[in-house]
Amino acid sequence: MLKWKNIYVNLNKDLVYKYQSGFRRQFSTESCLLHLTDYIRFEMDKGNFVGMILLVLQKAFDLVDHSILSIKLQALGLNELSVRWFSYYLSDRHQLVDISGTFSTQCNITCGVPQGFNLGTLLFLIKVIDMSAVVKNKLLLYADDSVILVSGKRKDIIESVLGTEMEIVSEWLICNKLFIHLDKT
């Protein structure tokens, strides 16, 4: 893992995290729930307690920072021409607000990926893949939802480990300009 310009980048070159469900063939909500329940049952069969943190990112697709994404694309080994192509794809996009026929000033968009297209989804997945490099315990991802799982014999140790994981994930979120949806987490 490389921490460059306060951005964590996993350099293992995998485009999609192995426990990423959603946006992949044969990896649906069902596969995510199966991973989750299998893990819990396996650990309980060993006599362990299981603790978890359920995280939901707020406006995850809208907050994909283009400059951070470019750094991650470079770290994954894309050549300069390919990274520039993605930059052009995301650049020169504008938005405005229309309220009953009154329009706001047009603003340049510097973050976010187009939704409803496979490429936007892939870019989002690339944005969050290195979360798996900072979480030391079991991590399951589904779209913009994450589950961190910790098991053990003692509840107090599980709580402590989950607290440490949350601190690490919070730092990762700050570095990646992402936010937790507090009402859903």
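User: Which residues does Lys 153 touch, not counting residues up to four places away in sequence?

Analyst: This is a predicted model, in which Lys 153 lies in the loop between strand 10 and helix 6. Lys 153 and Lys 46 are 107 residues apart in sequence, with their C-alpha atoms 9.3 Å apart in space. Leaving out residues up to four places away in sequence, the residues that Lys 153 touches are Lys 46, Gly 47, Asn 48 and Phe 49.

User: With which side chain does the side chain of Lys 153 make a polar contact?

Analyst: A polar atom of the Lys 153 side chain lies 2.7 Å from Lys 46, but the atom on the Lys 46 side is the backbone oxygen. The polar contact from side chain to side chain, at 3.2 Å, is with Asn 48.

User: Is Lys 153 buried or exposed?

Analyst: The cut-off for the exposed class is over 50% relative accessible area. Lys 153 has a relative accessibility of 53%, and therefore counts as exposed.

User: How is helix 2 oriented relative to helix 4?

Analyst: Ile 68, Leu 69, Lys 72 and Leu 73 of helix 2 meet Leu 123, Ile 126 and Lys 127 of helix 4, a contact with 5 nonpolar, no polar and 2 charged residues. The two helices, helix 2 and helix 4, pack with their axes 9 Å apart and at an angle of about 80°. Since angles of 65 to 115 degrees fall in that class, helix 2 is to helix 4 roughly perpendicular.

User: Which element gives the largest share of the largest nonpolar core?

Analyst: This core has 33 residues, of which Leu 55, Phe 124, Met 131 and Ile 148 touch the most other members. Among the elements that give two or more residues to the core are strand 4, helix 3 and strand 10. The largest share, 6 residues, comes from helix 6.

Definitions and conventions. Residues are numbered from 1 along each chain as its sequence is written. This is a predicted model: local features need pLDDT of at least 70, side-chain atom pairs count only at pLDDT 80 or more; totals for chains, interfaces and linings use all residues. Side-chain values use heavy atoms; hydrogens and water are left out. A nonpolar core is a set of buried Ala, Val, Leu, Ile, Met, Phe, Trp, Tyr and Cys residues joined through side-chain atoms within 4.5 Å. Buried means under 20% relative accessible area, exposed over 50%, partly exposed in between (1.4 Å probe, protein chains only). Helices (H or I, at least four residues) and strands (E, at least two) are DSSP runs, numbered from the N terminus. Axes are lines fitted to C-alpha atoms, for helices over the stretch in contact, and angles run from 0 to 180 degrees between N-to-C directions. Angles under 35 degrees count as roughly parallel, over 145 as roughly antiparallel, 65 to 115 as roughly perpendicular and the rest as oblique. Contact means heavy atoms within 4.5 Å. Ala, Val, Leu, Ile, Met, Phe, Trp, Tyr, Cys and Pro count as nonpolar, Asp, Glu, Lys and Arg as charged, and the others, Gly among them, as polar. A polar contact is a pair of N or O atoms within 3.5 Å; within protein, one must be able to donate a hydrogen and the other to accept it, and residues adjacent in sequence count only if both atoms are side-chain atoms.
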